[in-house]
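Dear colleague,

I am passing the structure below on to you, and my notes on it follow directly after. Please read them with the structure open beside you.

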Amino acid sequence: MATGTRTRQDRAEATRQAILDGAAAAFDAAGFGSTSLSDIARHSGVTKGAMYFHFQSKEALARELVAEQFELLPEGVDPDLRALQRAIDLTHSMAHGLRSSTRLRAGIRLVIELGSFAAPDPTPYNQWIDSVRDLLANAQGAGDVKPEVNIGDLSTYIVGAFAGVQITSQVRTARQDLHDRVTDMWTWLLPGVVPARRLARFAPAGSGELRAAIGEGARAD
């Protein structure tokens with residue numbers, strides 16, 4: 001590839017990312033309905049013409065931020081951990097991302113806001129549920145989840161519970177207590193779904209590996 005072509009592509013990608021960052025900041029601050037294209041252009045530091053070159057509408061920007069949310073999760077969910085602990089760690093990783101990434105916060109806010117529209121798109125929720133269900137299926141196969149538990153219902157409940165917990169934490173403490181509240185969620189949930197003899201294997205506050213990866217101070221920063 002010619003150097004000039006590569007340079008143009010690099011500039012175009014940098015502009016595209018600046019627009020997404022600006023849109024995330026605007027949506028995170030004011031929500032979808034109260035954010036205008038002018039707001040996004042101002043936060044992005046680009047012209048409206050440049051913005052329209054990459055994204056045709058405010059809705060297109062919102063869809064992009066919603067679609068990328070899983071890609072923005074912090075690293076740290078150890079694939080060698082037991083599947084149920086990985087599910088626990090996934091929620092704490094999401095909690096950390098909500099506290100540290102404007103783009104992830106915007107994506108989650110958009111999922112919730114757009115889900116309140118007359119024709120909501122259930123895809124983001126279904127993706128969350130499918131990810132948790134896969135982990136729970138592995139956990140049940142390993143004997144870490146009681147055989148009588150319906151993992152489809154359980155995964156749907158976990159995603160819904162997390163959504164409610166993070167909104168409550170946002171309103172009450174600006175998410176300062178979010179890790180503690182997610183820990184509470186798992187503390188009350190695990191005894192109902194894990195065989196008693198295996199309960200001690202799981203850490204509701206997240207594994208040591210996850211807590212080290214996101215920073216021990218993330219629970220109180």
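Trp128 is buried, as its relative accessible area of 8% falls under the 20% cut-off. Please keep in mind throughout that this is a predicted model. Tyr125, by contrast, is partly exposed, with a relative accessible area of 25%. Both of these residues, Tyr125 and Trp128, belong to helix α7 (residues 123–141), where three residues, or about one turn of the helix, separate them.

The overall picture of the chain is as follows. The secondary structure of the protein chain consists of 10 helices and zero strands, so that the order of elements from the N terminus on reads α-α-α-α-α-α-α-α-α-α. Of the 221 residues in the protein chain, 43% are buried, and the accessible surface amounts to about 10,900 Å², with 53% of that surface belonging to carbon and sulfur atoms. Among the contacts in the protein chain with a separation of 6 or more, 68% are accounted for by residues 24 or more positions apart.

The aromatic residues come next, and the structure holds two aromatic pairs. In one of them, the ring centres of Phe27 and Phe32 are 5.8 Å apart and the planes lie at 25 degrees, which is under 30 degrees, and the pair is therefore stacked. Phe27 is buried, with a relative accessible area of 1%, and Phe32 is buried as well, with a relative accessible area of 8%. In the pair formed by Tyr125 and Trp128, the ring centres are 5.3 Å apart and the planes are at 70 degrees, which is over 60, so this pair counts as edge-to-face. Returning to Phe32, I would also point you to Lys58, which lies over the face of that ring at 4.3 Å from the ring centre.

Tyr125 and Trp128 also take part in a helix packing. Two packed helices are described by the angle between their axes and the distance between the axes. For helix α6 (residues 102–114) and α7, the axes come within 9 Å and cross at roughly 115 degrees. On the α6 side the contact is made by Ile108, Val111 and Ile112, and on the α7 side by Pro124, Tyr125 and Trp128. Sorted by class, this contact of α6 with α7 has six nonpolar residues, no polar residues and no charged residues.

Ser169 is found in helix α8 (residues 151–173), and Ser169 counts as buried because its relative accessibility is 2%. Leaving aside neighbours within four places in sequence, Ser169 is in contact with Ala174, Arg175, Gln176, Asp177 and Leu178. Ser169 and Asp180, which are 11 residues apart in sequence, have their C-alpha atoms 9.6 Å apart in space.

Most residues other than glycine have a negative phi. Ala174, however, has a phi near 55 degrees, a positive value in a residue other than glycine, and Arg175 has a positive phi of about 70 degrees although it is not a glycine either. Ala174 is found in the loop between α8 and α9 (178–193), and Arg175 is found in the loop between α8 and α9 too. As for their accessibility, Ala174 is exposed, with a relative accessible area of 56%, whereas Arg175 is buried, with a relative accessible area of 9%.

Methods
Residues numbered from 1 in each chain as written. Predicted model: local features only at pLDDT ≥ 70, side-chain atom pairs only at ≥ 80, totals over all residues. Heavy atoms only, no water. Phe/Tyr/Trp six-rings, centres within 6.5 Å; stacked < 30°, edge-to-face > 60°. Buried < 20%, exposed > 50% of the residue type's maximum accessible area, 1.4 Å probe, protein only. Helix = DSSP H or I, 4+ residues; strand = E, 2+ residues; numbered from the N terminus. Lys NZ or Arg CZ within 6 Å of the ring centre and 35° of its normal. Contact = heavy atoms within 4.5 Å. Areas by Shrake-Rupley, 256 points an atom, 1.4 Å probe, with all protein chains shown as cover. Axes fitted to C-alpha atoms, helices over the stretch in contact; angles between N-to-C directions. Nonpolar A, V, L, I, M, F, W, Y, C, P; charged D, E, K, R; others polar.
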